[in-house]
Amino acid sequence: ILYSSTDTAATAAKISAALPGGDISGARPTGTKMPFRILFDSHAVSAGLSTGWGFSCLIEHQKGRMLFDTGWDGGMLLHNMEMADISRESIDTIFLSHDHWDHIGGLTHVIHPKADVYVPGSFSRRLKKEISLRSVLHEMNGPQEIMDGIYTTGVLGNAVKEQALLIETKRGVVAITGCAHPGLDVILNKARELGKVQGAVGGFHDFKKIEKLDGLSLSLIHI
């Protein structure tokens, strides 16, 4: 599937209709499917879900469940999780891309003492302290494998520091982005260090270099 429209609103609507939940197939090492579900977005991906500014998605991997970002409203996020039969305690890992309110606003509603929380090292000292009091904190700076076949790009960008998630599959690498403030092309170049890039999912933040998406079989644009 390739969505490369510059009309992001229309594209997001197509995604909402086409992808209430999907899977990233061929995850290393067993080749089993890795379910993927959008939990928080400005467009409802299925009936009954609350909408709001920001983004959050769930990745089910071999060792449990990973929540990527938390949207801006924790109450809405918890509602959507309940609709999907996902409890807060079932989230093993929380991966935060950057410290903007619409990506970490729901954190206080889903964080718990047994959760491993991966944050960019650029987060403020106070924020990292607060997270460490409520969970197991992991500060990320450079590229690193955080579990089998799942990597952080490390902190990228200048004005806005951000990390993205990279997932190895049998068909290539999939990048999951929060806002892609450093530039989607920068993130994809980092992903290519792992191998062929299959696609990118998440926020592209007004990315207009559509030619950089040429050759990707999966590229879902989110506002």
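Phe 95 is buried, at a relative accessible area of 0%. Buried here means under 20% relative accessible area, exposed over 50%, partly exposed in between, with a 1.4 Å probe and protein chains only. Phe 68 is buried too, also at 0%.

A word on the source. This is a predicted model: local features need pLDDT of at least 70, side-chain atom pairs count only at pLDDT 80 or more, and totals for chains, interfaces and linings use all residues. Residues are numbered from 1 along each chain as its sequence is written, and side-chain values use heavy atoms, leaving out hydrogens and water.

Now the rings. Phe, Tyr and Trp rings (for Trp, the six-membered one) pair if their centres lie within 6.5 Å; planes under 30 degrees apart are stacked, over 60 edge-to-face, the rest tilted. That gives three aromatic pairs. Phe 68 and Phe 95 are stacked, 5.5 Å centre to centre, with 15° between the planes. Phe 68 sits in strand E4 and Phe 95 in strand E5, so the pair ties together parts 27 residues apart in sequence. Helices (H or I, at least four residues) and strands (E, at least two) are DSSP runs, numbered from the N terminus. Ring pairs link Phe 55, Phe 68 and Phe 95 into a cluster.

Next, Pro 120. This residue is in strand E6, residues 116-120. Pro 120 is buried, at 0% relative accessibility. Contact means heavy atoms within 4.5 Å. Leaving out residues up to four places away in sequence, Pro 120 touches Leu 96, Ser 97, His 98, Met 140, Val 155 and Gln 163.

Last, helix H6, residues 184-191. Six of its eight residues are buried. Their cover includes strands E10, E11 and E12.
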